[in-house]
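Subject: Structure handover

Hello,

Please find the structure below, followed by notes on what was found in it. The criteria are given where each term comes up.

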Amino acid sequence: MKHYFNLFTWLPLIFFIHSINLNPTHSLTIPRLSPFQEKTLHDIATLVSNDPKDVETFYYKQVLDHFNYNPESYNTFNQRYLINFKYWGGANSSAPIFVYFGPEQPIDGSPKSIGFMVEKAPTFKALLVYIEHRYYGKSVPFGSREEAFKNANTLGYFNSAQALADYAEVIIDIKKTLHAQNSPVVLIGGSYGGMLASWFRLKYPHLAIGALASSAPILYFDDITSPNAYFDVVSRDFKEVSETCYETILNSWSEIDKVASQPNGLSILSQRFNTCRPLNHSFELSEDLESMYTSAAQYNHPPDYPVTVICSGIDKASFGNNILDKIYSGVVAYKGNGTCKVNNPKNISETDVGWRWQTCSEMVMPFAIGNDTMFQPSPFDLKRFVERCKKKYGVSPRPHWITTYYGGHDIKRVLQKFGSNIIFSNGLKDPYSSAGVLHDLSKSLVAVPTINGSHCLDILPSKESDPKWLIEQRNKEVKIIQEWIAQYYIDLGALHGSPKFQNN
């Protein structure tokens, strides 16, 4: 059975898979963006020592609309940002400022979950700043979330260009308030936040000397990247670990439908897979399995390597030798044997609601599944996507706007004589790396890929068990940032006719 991707409900962030009901008999799962998985956010937060008292919360009175002069544009809302002063060398020494761009989620956990910043701050004597994206967390216009998400009239101010302008205003205000006009700003972002960081460097080069864009799929727009690319990589990841595992997964979808079509078939599947709720349709099982496989591939972090965990479970077949027994063995290997595994109640988060609007307006990333993967084929239907967005919000998506506003086509030719000082880091096991920048665009627009890396791994907290290639990737990023800052001080010293900046 063919099914169709509909980006109307393609919801990125803290990896979780959201189900899309296309018709009464089928549902679809679509992968999300984020530096980390929702279920492991607490675990990640415990991996890095960053005392909460070191982080202070501030609010900036942000303008509603940066690009219009209508009276309503001058309305304001409180935008939240966090600062860690612990490691900063101070304004007098022009010590750098590291700014993390909050993606499509509240900023609360970022000081602990983005380990790269706090771990490298002592080396750079850096001030650490974390800015929340408008319409998420506590940075909500119109007085309340209910009012802000009321309709397209209030949601119309919710887009990436406004978010970048927000970040610019906050950075300017922080530097002014701290008398840190000479402190260089380095941007850090992961996934959607990495896209924002790279775009900011291109749009506001006077406010930041460089950007580390981790796992930023900036080329997943306007057919620059094949719509099939994400699921091609997921399938490759599994096949490289075990061809028998790959084949078992490939053959499981028809087996699920076959069993479901039998009398009491859904009950049989519910019992076999220990579902949290009885299955009403076979796709409820299929979509949970799809989400498990894509999550494992996207976040295939060492030392656990969840793709290997799943495939080891499938190949060992601890619960029986037929196809579905093997699949369940993989589920238990990945999720454990303690509680129900499949068909959990779905909780819609503020991120789900927010990103739904963003994908229905400008963030149109066409996802599809081709004929040569371990999944069921699923073409992307732009017409159907547009219809659903118009039905939901009364507005049509602009599928070409991102490349119009930020570029992307023929990116090397365009940026090699225009952009500078961006690190595009990717792990090639990450399905989103298929839409990342994997080769240097110029001497200062550099790609730092790792063959075995996964989604945003380089900016997450380090571990004693980190492999050598990951340590080397982070060290290379640090060296590049040091070179940016050193050159900045040289240029600043020349501008002021003083050598003191050259020795920082």
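Arg 145 is partly exposed, with a relative accessible area of 24%. The classes are as follows: buried means under 20% relative accessible area, exposed over 50%, and partly exposed in between, with a 1.4 Å probe and protein chains only. Arg 145 forms a salt bridge with Glu 350, and the closest N and O atoms are 3.4 Å apart. A salt bridge here is a side-chain nitrogen of Lys or Arg within 4 Å of a carboxyl oxygen of Asp or Glu. This pair links distant parts of the chain, 205 residues apart: Arg 145 belongs to helix H4 (residues 145-148) and Glu 350 to helix H14 (residues 350-361). Glu 350 is partly exposed as well, at 25% relative accessible area.

On provenance: this is a predicted model, in which local features need pLDDT of at least 70 and side-chain atom pairs count only at pLDDT 80 or more, while totals for chains, interfaces and linings use all residues. Residues are numbered from 1 along each chain as its sequence is written, and side-chain values use heavy atoms, with hydrogens and water left out.

Other salt bridges

By the rule above, the count comes to 13 salt bridges. One of them joins the side chains of Glu 147 and Lys 150, at 3.9 Å from N to O. Glu 147 is partly exposed at 31% relative accessible area, and Lys 150 counts as exposed at 56%. Another joins Asp 410 to Arg 413, with the closest N and O atoms 2.4 Å apart. Asp 410 counts as partly exposed at 44%, whereas Arg 413 counts as exposed at 54%.

The protein chain has 18 helices and 10 strands. Helices (H or I, at least four residues) and strands (E, at least two) are DSSP runs, numbered from the N terminus. An open sheet of 8 strands has the order E3-E4-E6-E5-E7-E8-E9-E10, with mixed pairing; two strands pair if DSSP finds at least two bridges between them. Strand E3 (55-63) and strand E10 (445-450) stand at the edges with a single partner strand each, so one side of each is left without a neighbour in the sheet. Neighbouring strands of this sheet are turned by 20 degrees against each other on average, direction ignored. Axes are lines fitted to C-alpha atoms, for helices over the stretch in contact, and angles run from 0 to 180 degrees between N-to-C directions.

Phe 58 stands opposite Tyr 81 in E4.

Strand E7 (185-190) is largely enclosed by the rest of the structure, because 6 of its 6 residues are buried. Both faces are covered: Val 185, Leu 187 and Gly 189 on one side of E7 and Val 186, Ile 188 and Gly 190 on the other are all buried. E5 and E7 run parallel, joined by 4 bridges, and Ile 97 stands opposite Val 185 in E7. E7 also pairs with E8 in the parallel sense, over 5 bridges; the bridge partner of Ile 188 in E8 is Leu 212. E7, helix H7 (residues 192-203) and E8 make a right-handed β-α-β unit. Right-handed means that, with the strands pointing away from the viewer, the path from the first strand over the helix to the second runs clockwise.

Helices on the sheet

Helix H3 (residues 115-124) lies across E4, strand E5 (97-101), strand E6 (127-131), E7 and strand E8 (210-214), and runs at about 150 degrees to E6. Helix H18 (residues 468-496) packs on the sheet and touches E5, E7, E8, strand E9 (422-427) and E10. The direction of H18 makes about 175 degrees with that of E9. Contact means heavy atoms within 4.5 Å.

Leu 460 lies in the loop between E10 and H18 and is buried, with a relative accessible area of 5%. Leu 460 and Phe 116 are 344 residues apart in sequence and 5.9 Å apart in space, C-alpha to C-alpha.

Whole chain

Of the 504 residues of the protein chain, 59% count as buried. Among contacts with a separation of 6 or more, residues 24 or more positions apart account for 72%. The protein chain exposes about 20400 Å², of which carbon and sulfur atoms supply 50%; accessible areas come from the Shrake-Rupley method with a 1.4 Å probe, and for residues only the protein chains shown count as cover.

Regards
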